Structures are given as C-alpha cells and as structure tokens.
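Please keep the sequence and the 3D view open while you read this note. Take the points in order and find each residue as it comes up.

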Amino acid sequence: MLFVLNLDTGSLVDTLKVRDAKDVEEVVRAAIANEQPLEIIGHGSKRGIGHAMATNAVLDLSALNAVTSYEPNELIVTLQAGAPLADVLALIDAKNQQFAFEPMDTAPLLGTPALGTIGGMIAAGLAGPRRIRAGGARDHLLGAHAVSGFGDSFKTGGKVVKNVTGYDLCKLLAGSWGTLSVMTEVTLKVMPKPEAERTLLLRGLDDAAANKAMTAALGSPYDVSAAAHLPKSTFRTKTEGLGDLASDGESRTMLRLEGITSSAAHRAGSLRDLLAPFGAATLIEDAPSAALWATIRDVLPFAAGGALGAWPVWRIVCPPASGAALGTQLAGETGGEVIYDWGGGLIWAALPPKADAHAPAVRARAAAVGGHAMLIRAAEDVRRDVDVFHPQAPGIAALSERVRASFDPKTVLNRGRLRRGVGA
Amino acid sequence: MAIMMPASDQAVLARRAEIIAALRAIVPGEGVIDSAAEMRAYESDGLTAYRQPPMVVVLPDTTEQVSLILKYCAEQNIKVVPRGSGTSLSGGALPLEDGVLLGLGKFKRIREIDFDNRVVVTEPGVTNLAISQAVAHAGFYYAPDPSSQIACSIGGNVAENSGGVHCLKYGMTTNNVLGCEIVLMSGEILRIGGKGCENAGYDLMGVITGSEGLLGVITEVTVRILQKPETARALMVGFAQVEAAGECVARIIGAGIIPGGMEMMDKPAIHAAEAFVHAGYPLDVEALLIIELDGPKIEVDELIARVETIANACGSTTCQISTSEAERNLFWAGRKAAFPAVGRISPDYLCMDGTIPRGALPKALARIRELGEKYQLGCANVFHAGDGNLHPLILYDANKPGEIERAEAFGADILRACVEFGGVLTGEHGVGIEKRDLMPDMFTEIDLNQQQRLKCAFDSQGLLNPGKVFPTLHRCAELGRMHVHAGKLAFPDIPRF
C-alpha cells in the first residue's frame, strides 16, 4: 500500500507537503486510485477534535500560505488556505479590520501550540462571542477554490460581498472539518474594528436570572454584540484574563457594546438603566474588556493547563432562552462546570471525567430543547466510544451522507473524522 | 422564447387528465387549477418577458399535501416547479409545459413569535413585510428588505437568498435564517436547524438558501428578528463625476463606517426618478449617493457629520441631510421608485443584476456606456454602492423588431463585464433562466458539475425545477462517475516530511 512507510525519513506517517492546488489534485487523485484515505491538515492544531482517522497519509497545506490579495476598501481578503491565522489577523489589524465572527483560538482549551491556519479556522467554523450579532465563519466566507474528492479543483462563490450565483457551497465548506473538499484558497469578508468597546458587568446572578438579563439586553435596541455568564463556581480557580475580577467569588454576567465611542458609551448607559432590576452594573472599557471577551471566546476557565484541564468539555448550542435551565441541570447532574455565551445559546460544559463523558445526559438534555452537543475535548479512548459530533435524525443523516458523497464518493478526505467507526 | 427549456415529456402530457385527478385526490376542491384561463395568472413571474402555462397548478395548504404531491410526481416522473408569490426577477418560477406548478400561496400563517429567542417561525407564503409587521409592536423587525417586500414571500426569499438596500449592514436572507422544514422531491419531510444560532453537521440550511427551488420545497422557515434601530437619517450627495462618487463610497468604508444603506444613481436614473416622484434630486449631477445611517441618535448624528466631511473632501457638488422622517423618506422615494420611473420613460426595460468590486464602478459604468452605443440602447444605472451590486436598467421597445434581442445581448455583455472586472453574474436576483446560459462565463464545467452533483444528493431524478440555473443538464449517474486519473502512484516532486 502507498504511503505506509516514508523511505526518506523512516516515518510511519507519510506527510505530503503540497505547494499548490495542482499538488493537491495529484495527491487526491492518487489517493482515489489507491483507495488510500488522507488526513487533511494545516498546522494540525485541531487534530485532537473529532474521531481518529484510520490513515497514516497526511496532506499538509501549511506551505500554501500566501496572502493572494488584501483590499481593505473592498472589505475582502483572499488567502491561501495554509496562511497562518495569527499572521492574517496581524495583517488586517494593521488596517484596523477584523474577522467579525471572532474566530476561537482552540490552543488553550486543547493544550496545543498556539498555531492554526485560515483553512482550519473555516473548516472548524468555531465562532466567538460576536456570533450572535455578526454571524459565524459561514457568514464571512465569500468564495473558495477547493479540490474535491474527485481530485478536481473547483471554485464556488466569488470575491464580492453580495453574490447569489449558483449554489452557495461555501456554506457547506465552513464547518465541514475537511470532509468535503480540500480548500486551497479562500476569500473572506473583513469588517472595520469598532472604535470602542464597553462591557457592563452584573454580579451575583444565578444562571436563570443571568439568562433573563441577557435576554433583556439582546432584545433591547442597544445593539449588544456579546452576552456571557460565568457562574460563581467557575471562579474557584484562577483564570488567566479574568485577573482579579472574581476576587469576591460572585458570578459575573457580561454584556458588550461596540461602535463609535460616543455611541458605545451612550448605549452602555441606557442598557445599565434597563438592567437595573438585575443589580447595579459596573463598566469595563476597551483593553480590559477585550481581554475579558478573549477569555470567554477561548474558554480559558476550562483551559488544558488549568484545574479542569483533564475534564472533557462539551460545546452545546441551543435556543438562547433555554440555556440556563439546560446548563444548571447538566452541572447539577454531573457535578460539572458550565459557562454561557451567545446570551445562553452556547454552553461550554466541563464535566468530571467519565468513560462516556456523560454523553447520554448531555445529548438527551440538549436535544430536549432543540439543541445539539459536540464533545470538543476528550481523551482519545473516550472519543473511541462516544460520538464527538451530535448524532442526527435519520433523514438528515442520510441527506448529509449523500451531500458528503457528492463531493467525495470514495471517502478519501478525513475519513472517519465526523463519524465513529467509519475510519477504522 | 430565446431560452431553451428541457424538452417536454409527451408521455406525461398524454396522461394530463389522470395526473390532475391524482392531484385532486391529494388536494381537494379549488386547490387544483387546470383551466387555461385560470392558469394564466401563473404563466410568468417577475421576469415577464418569458411566459409558459403549466400543465396544472396545485395549491396545497399542508406539509403533508406537499409531501404527497412530490412523492406522486417523483413516482410518475413528473417535473415540478415551486412558486411563492411569483416576484422572481430571473424567471425562477417560470412554469414548464409538462410540469406541475406547486404554489405555496396558501401557507400564509405565522406559526410562532418567540421574542425571548428573537425568532419568528412562519409558513413560507407569508410576505417579507408581514413578518416585520407582526413583530413591530415590540420594536422588532426582519432585516432583509427586498424592494418587493410588500408582495414577495419569505419562502421565495429563502429560495433566492434575497437581499435589499440594507443588506450591507444586516446581511442577506442567508444571514438571517436559522432553520426550515423542507420537503424533498421524494416526499421526505426534513427539519433543518431551529432556534439555535448554528445547526449540527453540514450547513444544509446555508446551501438550501439561494438554491432557487432546485433542492426542495420549503414549508416552514425560522428567521431571526432584530430590534429596530432607534433612528435613521440620510444624506443625499451629488457629484459632477461618477469617479468622485465611487471614491466617496470607498472612503466611507475605509473610515470604518458601515451605513445602513448606500445607494448610487447615475444621471439617466436620477432624471427618470425625479420626473416621477419629484424628490428634489439635483439634475445637474452625474451621480447621486443616498447614504443612510441608522442606530442610536447620538451615533447617527456623529456619523452623519463624518460622512458629510468625507463627501466634501471628495468634491461633492450638493449635500443635503435629512432633518425629519418625511425628508428621509423623500430622499428614498426616488430611489425606491427607480424601476417604475424608468418604466415611464421607456416602453420596456430589462433590469440586470451583477456585482462588481466597489472599486471597479467607474470602469464598469464606462463599459456600459460603450455597450449602449454599440447596441444603440439607453441604460439607467442604480447601484447598491456599499456592496457593489449594480442594477443597469436597459431601455428598449418590445414592439420594435429586434430590440428585445439587442437588449438581451447588451445585458449579457454587461454581466460578462462584471465577471471580467472580478465580480459575479448576480448579486440578489438569482440565475433562474435569465442568466442560466451565462453560467459558463463564470464557472468551468468542473465547477458546474460539482454543483449539479449536490443537486443529485437532494433530487436524484432531476425533477425539481429543471431548466433553471444550469445551462446543461446531466444525469446523476453520469456526474457521479469517477474518472480515475492515470493511476500515478508516487509524487517525486512533492516534499515529504
């Protein structure tokens, strides 16, 4: 069989570091011909998410790392998929722009080196706190060139923000974990960074009251760009980025307002009045506010290097107003910890170690409110026995499989990453 | 008809009476329409240059009926064309001679308003504007606002991924839809997404949105709603050159300002609109910008001042700032009436819909002028300047021999130019039949085959809305065939680690 042993290095893993889209086509075509699945990586920073893949052939895109074009006035940037995320963020930051969906840095949670590529950012599609206002990676991917599991380069979308020409395959690529096609070049929307940010902090609310406060804030006209809640138990251990915020051991509910300075300040005042029934809010401005939201975005209270580093972590998406009931119940049942983002619509749950990572309880509770749960961090032996991605209703699962096969009929791309048992 | 539709299935046409009876068994009473006179209302959509009576019209009012109709048609190999309000500007709902026209007009109920989760669950036949009206009492609205919002249905908005003047800031339909109930051609009913921010698994909602009725029939939609901005004000700015107006747009965006709306009109469009609605537009300018800022009053006032400064620096010749709602609405009245206004100065017009990078605007307008001379036809341009979406309105007279053909050729050349300048064939109206045959100007055969393979995953018989979007139809078996390439086994050139 091909790729089993690299004669040059003696390594059992054969890593093919492609230089251009042609190389990608060639590797995928050979993989098809040899029925040899490929693991697709950028920097490999998220390889610990999903199921183990039964392959030792790695298609490495990290050398496709060029910035093809950046046009700040058009609000777009075109990049090769292997472009390092940190470099790209620095590039657009220099023009005072950003990816509005606040892509999460998974390194602290997973305990991996601080790396990651643009392709990985899109394939994972993990958006941060501003998801509720600005959308996710799927809303900012305007166009892509990719190589399908047929070994053919194709393009979808374009380099303009408004486009309905043909099916929007970008939506499928975002969040597909490399199972549909190998992206080689992508065009993303960038947005101006807000001039100012203000965060209102409420203290001492229980989960239910915090959920109500966040619902009131997000239903207000004050254009809240993020709403999160840290129950008091999450402050038992020190978390980087929170500083001495929780020295009183009370819970914190936080609401962010962004925009031009006068407006952010004005809306913060109006929102503080609106939320008066929930207590007197304190105000955090600009850099300390940004540090706080980075802490939420990257789920630092559950960091691999922290006190809960050995606990499995679930990422649960649900209707926002159902968040507190779901989170409180899960934490109570399992003795775990939860953090709420997206106004209650995203729950991070670190649960005490268990062979099944409490999957039956998590999945049943999430499904009961119309939500879904992904086991984003767990030891490899746990992931062997537990579905990492939320099992789907039979009809949706069958359609999803037909969609997948329409891109990759021989299942050569990341075989088994999304579904337990497929890769073995 | 200049565009070829799939050949009619004579075997199906021969069984018309039997098919109508079968549909009547599913949808009783007036829900099946088969008389030529009554079907006339359905023979065209917003692209009125094309007309075709369907074989039969069926108007179900439950998801189960939709499912039974599709299942029956799939079993009997009968084509189906879904239709919402019939406002498509690209012929997306053009019937087929041998096809069932499936109208969703009876799905008129809003099923749930959930303010806590900030969503509305609605049937697809509800109009875009009716959703905003249903939540207005609590200060909410549904953001995408296509200009046909009084008439167009939310199901059609999902099918077309409709935009509107405010989508630069608030996104298109795809950015504002969370879930749906959809019936596949097989009759299978699926629920996708819900009230959460994201769906599990592949983003099926994302690819269904904008699929122009080729993947399934939507029977319920969950949309997110937003709180209305506290206030809105507009500037109306005139420029002696189009280039200066383009520069002004670029500088506003460059300054980090995303207006609620930013529209441009060229001289012919300004004159037509002013003659129609008397909005007080300056007639001696080459380009007019209408820039709307929305949000809290303090923010709007400050941004208005910043935009005014930018406009002055770009050499604006006139700049008016609205001081009342009445005045703001007046600024918009001309722009919103631009299409009918052009209809007054020309017997007929074709409305095009390409998108270009914002910076390419001056050369795109220059090209349109050249093409107008070549085809000897006038053209007025309105432009969603903020997001590069251009709507050239080509003026012609259908009663003059050869003019419609010249107008269509002119339009096709404009869209080819959009692609040449780095843009796309359609920004918000959809491909439909109108731009179908131009798809190869933007996509290779490989690109289009991949899209059609996706279609096969939803509709393996190709019975749902065939003849739209794709210029060449392939059988799914043919598209799925794997061409094993040369069987190369080694990669001498690729670095290994």
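1. **Chain A overall.** This is a predicted model. Chain A contains 14 helices and 18 strands. Its radius of gyration is 22 Å, close to the 22 Å that the globule rule gives for 424 residues, so chain A is as compact as a globular protein of that length. The C-alpha trace spans about 65 × 50 × 40 Å along its principal axes.

2. **Burial and contacts in chain A.** Of the 424 residues in chain A, 62% are buried. Now take the contacts in chain A with a separation of 6 or more: 73% of them join residues 24 or more positions apart.

3. **Where domain 1 touches domain 3.** In chain A, domain 1 puts 10 residues into this contact and domain 3 puts in 14 residues. On the domain 1 side, helix 3 (107-110) and helix 5 (131-134) of chain A each give two or more residues. Helix 3 of chain A gives the most, with three residues. By class, the domain 1 side has seven nonpolar, two polar and one charged residues.

4. **Strand 13 of chain A.** Is this strand buried or exposed? Eight of the eight residues in strand 13 (residues 252-259) of chain A are buried, so the strand is largely enclosed by the rest of the structure. In a regular strand, side chains alternate between the two faces of the sheet. Here both faces are covered. A:R252, A:M254, A:R256 and A:E258 are buried on one side, and A:T253, A:L255, A:L257 and A:G259 on the other.

5. **Partners of strand 13.** Strand 11 (residues 196-203) of chain A runs antiparallel to strand 13 of chain A, with eight bridges. A:L202 has A:T253 as its bridge partner. Strand 12 (residues 224-230) of chain A is also antiparallel to strand 13 of chain A, with six bridges. There, A:A228 stands opposite A:M254.

6. **B:T355.** This residue sits in strand 17 (residues 354-355) of chain B. Why does B:T355 count as buried? Because it has 31 C-beta neighbours inside 10 Å, and the cut-off is 20 or more. Beyond its neighbours within four places in sequence, its contacts include A:V160, A:K162 and A:N163 from chain A, and B:G388 and B:C418 from chain B. B:C418 is 63 residues away in sequence, yet 6.4 Å away in space, C-alpha to C-alpha.

Note on methods:
Residues are numbered from 1 along each chain as its sequence is written. Chains are lettered from A and ligands numbered from 1 in the order in which they are written. This is a predicted model: local features need pLDDT of at least 70, side-chain atom pairs count only at pLDDT 80 or more; totals for chains, interfaces and linings use all residues. Helices (H or I, at least four residues) and strands (E, at least two) are DSSP runs, numbered from the N terminus. A residue is buried if 20 or more other C-beta atoms lie within 10 Å of its own, exposed if 12 or fewer, and partly exposed in between; C-beta atoms are placed from the backbone. Two residues are in contact if their C-beta atoms, placed from the backbone, lie within 7 Å. Two strands pair if DSSP finds at least two bridges between them. The radius of gyration is taken over C-alpha atoms; the globule rule is 2.2 Å times the number of residues to the power 0.38. Ala, Val, Leu, Ile, Met, Phe, Trp, Tyr, Cys and Pro count as nonpolar, Asp, Glu, Lys and Arg as charged, and the others, Gly among them, as polar.
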